[in-house]
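Work through the exercises below with the sequence and the structure open. Each task is followed by a solution in steps.

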Amino acid sequence: MDLDVCLIPQEITEERINNKTVVVIDVLRASTTILQAIENGCRSIIPTSSVSDAMEIAKQFDRDSILLCGEREGKKIIGFDLGNSPFEYTSDKVFGKTLIYTSTNGSKTILKFHNVKNVIISTFNNLEATASYVASLSNHILITCSGKLERFSLEDAVCAGYLVNVLKEKYHFHLGTDGAVAVSQMANQFVDTYQLLMNCSHGRFLMNIGMGYDLEICSKLNISKIVPEFIDGKIIKKVEVQT
Ligand code: MLT
């Protein structure tokens, strides 16, 4: 089975997606926040690409059953219930709720794959669980880094590299493209994921806006056994893997 990696979403083509399992990574912070919300029992998460789409979709629901969630420029959107810090997504807030979620990069990347059968949301927190689940699907894999505003993000590429290396070493996947080889090598250079997040540009941006407290949880390896999957327009808890 082959592994391919898109370093930014703009690299995605129909041909690269074709018949593959897709993994979307946005370490800071969409993937981490989505995972946290699923861990804490939300019903599902509906990603949207814009604030206005989120507001439109919200009209289809009883207001008490949903939460409007997400960020622009890292901060909670005016009128929304939650921002984009994983710490906001506690079970007392999200349990049983449908979250309508928009973020600058992550939610838009996920939506690019609305026609794909298996779209997994991954981050440092659930790498081993992701690897175990995607390996069980016995399919070629395309890992996509969300990046930032059409630019490369170091933390997403390194996380992709960690995942590639687990899939290569434990499940015997083959590095099918230069993107997969590049992130695999890159991962070996960054053994301290917390230092990585403190030094990458989005990590420094979050520290500058007073949200540096999110970096530690976003850097933690394998604290979750849950694999969120985007199916029919919604992200749900697909499996809880025993790793
Ligand atoms: C995004 O999707 O761009 C991020 O999650 C931004 C953020 O850190 O809030």
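Asparagine 19 is exposed, with a relative accessible area of 64%; exposed means over 50%, buried under 20%, and partly exposed in between (1.4 Å probe, protein chains only). This is a predicted model in which local features need pLDDT of at least 70 and side-chain atom pairs count only at pLDDT 80 or more, while totals for chains, interfaces and linings use all residues. Residues are numbered from 1 along each chain as its sequence is written, and side-chain values use heavy atoms, with hydrogens and water left out.

**Exercise 1.** Describe the backbone at asparagine 19 and where this residue is found.

Step 1: The phi angle of asparagine 19 is near 60°, a positive value in a residue other than glycine.
Step 2: Asparagine 19 is in the loop between helix 1 (14–17) and strand 2. Helices (H or I, at least four residues) and strands (E, at least two) are DSSP runs, numbered from the N terminus.

**Exercise 2.** Is leucine 149 buried or exposed, and what is its phi?

Step 1: Leucine 149 is exposed, at 57% relative accessible area.
Step 2: Its phi is near 50°, which is positive in a residue other than glycine.
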